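Hi,

Here is the structure I promised to send over. Have a look at it first, and then read on for what turned up.

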Amino acid sequence: MSLHLKKRSLILAGHDTSVALEPAFWAVLDQAATQDGQGLALLVTRIDAARLPGQSLASALRVFALEWLQARLPHTPEQPT
């Protein structure tokens, strides 16, 4: 495993699972779980259940983190291209 990844072990659907993500993604996921008043394992379980067929759990977690942050950015009118 790369030195820049942090591995966490979770129980999803009754099975032990480990996921390696960059610390910045874990920080966003922790913040999202805290803000929603749930534990990280529950948030990851929800993301796991909603992920696309063939999509890795790590990819689904990264996309969720990005979309969660984007939803919190101030909305500005789109500029014409």
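A term to start with: a nonpolar core is a set of buried Ala, Val, Leu, Ile, Met, Phe, Trp, Tyr and Cys residues joined through side-chain atoms within 4.5 Å. Buried, here, is under 20% relative accessible area. Please keep in mind that this is a predicted model.

The largest nonpolar core has 20 residues, and Leu29 and Leu61 make the most contacts inside it. Two or more residues each come from strand 1 (6–12), strand 2 (15–21), helix 1 (23–35), helix 2 (40–50) and helix 3 (57–71). Helix 3 is the biggest contributor, giving seven residues. If you click on Leu61, leaving aside residues up to four places away in sequence, you will find that Leu61 touches Val19, Leu21, Trp26, Leu29, Val44 and Ile47.

Helix 1 is worth a look too.

Which residues of helix 1 are buried? They are Trp26, Val28, Leu29, Ala32 and Ala33. Because these cover an arc of only 160 degrees around the axis, they sit on the same side of helix 1. Their cover includes strand 1, strand 2, helix 2 and helix 3. On the other side of helix 1, Ala24, Thr34 and Gln35 are exposed.

Finally, glycine 37 follows helix 1 and has a positive phi, near 70 degrees.

Definitions and conventions:
Residues numbered from 1 in each chain as written. Predicted model: local features only at pLDDT ≥ 70, side-chain atom pairs only at ≥ 80, totals over all residues. Heavy atoms only, no water. Buried < 20%, exposed > 50% of the residue type's maximum accessible area, 1.4 Å probe, protein only. Helix = DSSP H or I, 4+ residues; strand = E, 2+ residues; numbered from the N terminus. Contact = heavy atoms within 4.5 Å. Arc of directions from axis to C-beta.
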